[in-house]
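Hi,

Here is the structure I said I would pass on.

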Amino acid sequence: MRPSERLKLIEAVAVELQKRWTFVEIDHYFDACQVDHRAHPHGNYGSKRVYAQSVLSSVSNNRIQTIAADLGIIQDGATVGPVEQPQNWRDTKRFRLFISHISADKLIATRLKDALAIHEIAGFVAHEDIQPTLAWQDEIERGLRTMDAMVAVHTKGFSASFWTQQEIGFALGRGVKVISFKYGEDPTGFIGKHQALPRLRRSAEEIAAEIDRLLAADPRTAGRLKEAKSAKSFASFDLDEDVPF
């Protein structure tokens, strides 16, 4: 990365942090990203943007690029800018969880999304959340670029789906946390080496609670989840008791 590109990327990250959070919330985010901010007391800065720039000035290029990707900021040469979120994630402070699934089992994914809402986790279910008037692939890409983590619902046929394998590859490429939910099929490929979350005849609510615990225990997602819960933007949800999940 050229020095001019680094400066522009730091500026873009600082502006995004300034728009999103308070000084304290930015510190929580830095902690989650393993960025040391202790040498920069808030009282020395009158601007969150300037504060963030000062903290990031000593961070490695790789770490800055990782933070930029997590915040949905892209870099193309010397041009940087925020990535637009999918429609159902706009204007929300909830934790953004992309739910990868095959179309035949969208009902399972949707029920899981509903059960996650009580934990301040906003699920993205492509076959449920994308409006007919929106470009399908573009909206999915927005979800993948701005997600905080992914849960892969491994029903039968998941590993044979071109789309779900593309989604998994995108998540691994970004370095975000991927939780494999085993629902009739074992995880394969690069995520096969990690222990999957088994269903074990548990309900959607029980699985959602386990996902919440896994996200809270991972340093990549703990800070973002804590921030979402602190916002206390609770939403109501309803589960269809006729579905065996």
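This is a predicted model: local features need pLDDT of at least 70, side-chain atom pairs count only at pLDDT 80 or more; totals for chains, interfaces and linings use all residues.

Let me start with helix H2: its buried residues pack against helix H1 (3-20), helix H3 (48-56), helix H4 (61-70) and H10. Helices here are DSSP runs of H or I with at least four residues, strands are E runs of at least two, and both are numbered from the N terminus. Buried means under 20% relative accessible area, with a 1.4 Å probe and protein chains only. In H2 (residues 23-32) that gives Ile-26, Asp-27, Tyr-29, Phe-30 and Ala-32.

Residues are numbered from 1 along each chain as its sequence is written, and side-chain values use heavy atoms, leaving out hydrogens and water.

Overall, the protein has 10 helices and 7 strands, and 49% of its 245 residues are buried. Of the contacts (heavy atoms within 4.5 Å) with a separation of 6 or more, 72% are between residues 24 or more positions apart.

Now the inside. A nonpolar core is a set of buried Ala, Val, Leu, Ile, Met, Phe, Trp, Tyr and Cys residues joined through side-chain atoms within 4.5 Å. The largest one has 24 residues, and Leu-112 and Ile-211 have the most contacts inside it. At least two residues of this core come from each of strand E3 (95-100), H5, strand E5 (149-154), strand E6 (177-182), H9 and helix H10 (222-231). Beyond four places in sequence, Ile-211 touches Leu-97, Leu-112, Leu-116, Val-151, Ile-179 and Leu-197. Another core, of 23 residues, lies apart from that one and includes Ala-12, Val-13, Ile-26 and Ala-52.

How do H5 and H9 meet? The axes of H5 (residues 106-116) and H9 (residues 204-217) come within 8 Å and cross at roughly 65 degrees; axes are lines fitted to C-alpha atoms over the stretch in contact, and angles run from 0 to 180 degrees between N-to-C directions. Arg-111, Leu-112, Ala-115 and Leu-116 of H5 make the contact with Ala-204, Glu-205, Ile-207, Ala-208 and Ile-211 of H9.

Neighbours within four places aside, Ser-54 contacts His-40 and Tyr-45.

Cheers

Conventions
Buried means under 20% relative accessible area, exposed over 50%, partly exposed in between (1.4 Å probe, protein chains only).
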